[in-house]
Amino acid sequence: MKCVFCGGKLEKKIVTFSYGEENKYLLIKDVPAEVCKSCGEKIYTPEVSEKLLELAKEKIKPSKTVEVPVYEFV
Ligand SMILES: [Zn+2]
């Protein structure tokens with residue numbers, strides 16, 4: 001399989017998926033993905049994407065909650 005964005009080589013990796021909305025931010029650890037060696041784009045299988053979506057909707061209780069500091073750039 002090749003990267004859909006740049007055509008680069010994909011490498012199987014375990015990554016941390018991050019998801020952010022206005023006042024909600026979450027991380028999902030140990031997610032299997034294919035990562036592009038050229039542009040760094042992460043590609044997930046349909047099964048993994050579905051699971052991520054489910055977790056993002058907070059259907060499953062998180063294993064822990066961490067505080068994320070928010071800074072203003074200016
Ligand atoms: Zn790429």
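Q: Which side chain does a polar contact of 3.5 Å join to that of E34?
A: In this predicted model, E34 has its place in strand β2. Leaving out residues up to four places away in sequence, E34 touches L10, E11, K12, E41, K42 and I43. The side chain joined to that of E34 by the polar contact of 3.5 Å is that of K12.

Q: How many salt bridges does the structure hold, and which residues form a salt bridge with the closest N and O atoms 3.5 Å apart?
A: The count of salt bridges in the structure is one. With the closest N and O atoms 3.5 Å apart, a salt bridge is formed by K12 and E34.

Q: Why does the pair of K12 and E34 tie together parts that are apart in sequence, and how many residues apart are they?
A: The salt bridge in question is the one that K12 forms with E34. Because K12 lies in strand β1 whereas E34 lies in strand β2, the pair ties together parts whose distance in sequence is 22 residues.

Q: Is E34 buried or exposed?
A: The cut-off for buried is under 20% relative accessible area, and that for exposed is over 50%. K12, with a relative accessible area of 69%, is therefore exposed. E34 has a relative accessible area of 17%, so this residue counts as buried.

Q: Which element gives the largest share of the largest nonpolar core?
A: The largest nonpolar core has 11 residues in all, among them V15, F17, L26, I28, Y44 and L52. Two or more residues of this core are given by each of the elements β1 (10-21), β2 (24-36) and α1 (46-56). The largest share, five residues, comes from β2.

Q: With which residues is Y44 in contact, leaving aside its neighbours within four places in sequence?
A: Y44 is itself one of the residues that make up the largest nonpolar core. Once those sequence neighbours are left aside, the residues in contact with Y44 are V15, F17, V31, P32, A33, S49 and L52.

Q: Is V66 buried or exposed?
A: V66 lies in the segment after α1, and together with Y25, L27 and V68 this residue makes a nonpolar surface patch of about 410 Å². The relative accessible area of V66 is 53%, and the cut-off that applies here is over 50%, so V66 is exposed.

Q: What separates the C-alpha atoms of F5 and F73?
A: F5 has its place in the segment before β1, and at 58% relative accessibility F5 counts as exposed. Along the chain, F5 and F73 are 68 residues apart, and their C-alpha atoms are separated by 30 Å.

Notes:
Residues numbered from 1 in each chain as written. Predicted model: local features only at pLDDT ≥ 70, side-chain atom pairs only at ≥ 80, totals over all residues. Heavy atoms only, no water. Core = buried A, V, L, I, M, F, W, Y, C linked by side-chain atoms within 4.5 Å. Buried < 20%, exposed > 50% of the residue type's maximum accessible area, 1.4 Å probe, protein only. Helix = DSSP H or I, 4+ residues; strand = E, 2+ residues; numbered from the N terminus. Contact = heavy atoms within 4.5 Å. Polar contact = N/O pair within 3.5 Å; in protein donor to acceptor, adjacent residues only side chain to side chain. Patch = residues over 30% accessible without salt bridge, like charges linked within 9 Å, V, L, I, M, F, W, Y side chains within 5 Å. Areas by Shrake-Rupley, 256 points an atom, 1.4 Å probe, with all protein chains shown as cover. Salt bridge = Lys/Arg side-chain N within 4 Å of Asp/Glu carboxyl O.
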